[in-house]
Amino acid sequence: MSKQIQVFYELEVLSGKAGELREIARKMVASNEQDEPKTLIYNVYISEDEKLLTFLETWADSSAGLFHAERFATGEFVAQVLERTGAGRLCFYGDVSDEMKSWASENGFEVEYAHRIDGFVR
């Protein structure tokens, strides 16, 4: 079975902040593409009504997830995103390590976890 972890992170966009979040997202994508080789997929979306910002990510494994999480938590973008968003929903799908779960909990994230039943990755 694959050790990949899929991530769904959805945040409410504060009124009038969609344009700023678009620019921040572009910078985040460029930074992660260059500096996170084990972040396999990193896509950011905004809903048509500009009320929801969604991150869809795939990490090679939990260690890649921890690397990404640490970079985000200590990097320049976390405050920029959180100042422009409200409530969120964070879901991890796959074989998430206890270390990753502890990190998320210790850093104030309420994560919904789902275990893989079956599937394939191309």
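Modeller: Helices (H or I, at least four residues) and strands (E, at least two) are DSSP runs, numbered from the N terminus. This is a predicted model, where local features need pLDDT of at least 70, side-chain atom pairs count only at pLDDT 80 or more, and totals for chains, interfaces and linings use all residues. Residues are numbered from 1 along each chain as its sequence is written, and side-chain values use heavy atoms, with hydrogens and water left out.

Colleague: Which residues of helix 1 are buried?

Modeller: A18, L21, I24, A25, M28, S31 and N32. Buried means under 20% relative accessible area, exposed over 50%, and partly exposed in between (1.4 Å probe, protein chains only).

Colleague: And why do they line one face of the helix?

Modeller: Looking down the axis of helix 1, its buried residues fall within an arc of 135°, so they line one face. That arc is taken from the directions from the helix axis to the C-beta atoms. The face turned away from the buried side of helix 1 carries the exposed residues R26, E33 and Q34.

Colleague: OK, new topic. How much space lies in the largest cavity?

Modeller: About 220 Å³. On a 1 Å grid over the protein atoms alone, a cavity is a set of points where a 1.4 Å probe fits but cannot get out, and a pocket is an open set with protein on both sides within 12 Å along at least five of seven lines; lining residues have an atom within 4 Å of a point. Grid points are joined across faces, edges and corners, and a volume is the space filled by probe spheres set on the points.

Colleague: What lines the largest cavity?

Modeller: There are 16 lining residues, with Y9, H68, F72, L90 and F109 nearest its centre. By class, that's 14 nonpolar, one polar and one charged. Ala, Val, Leu, Ile, Met, Phe, Trp, Tyr, Cys and Pro count as nonpolar, Asp, Glu, Lys and Arg as charged, and the others, Gly among them, as polar.

Colleague: How about the largest pocket, what's in its lining?

Modeller: Four nonpolar, six polar and four charged residues. The largest pocket holds about 250 Å³ of space, and S2, Q4, Q6, G94 and R116 are the closest to its centre.
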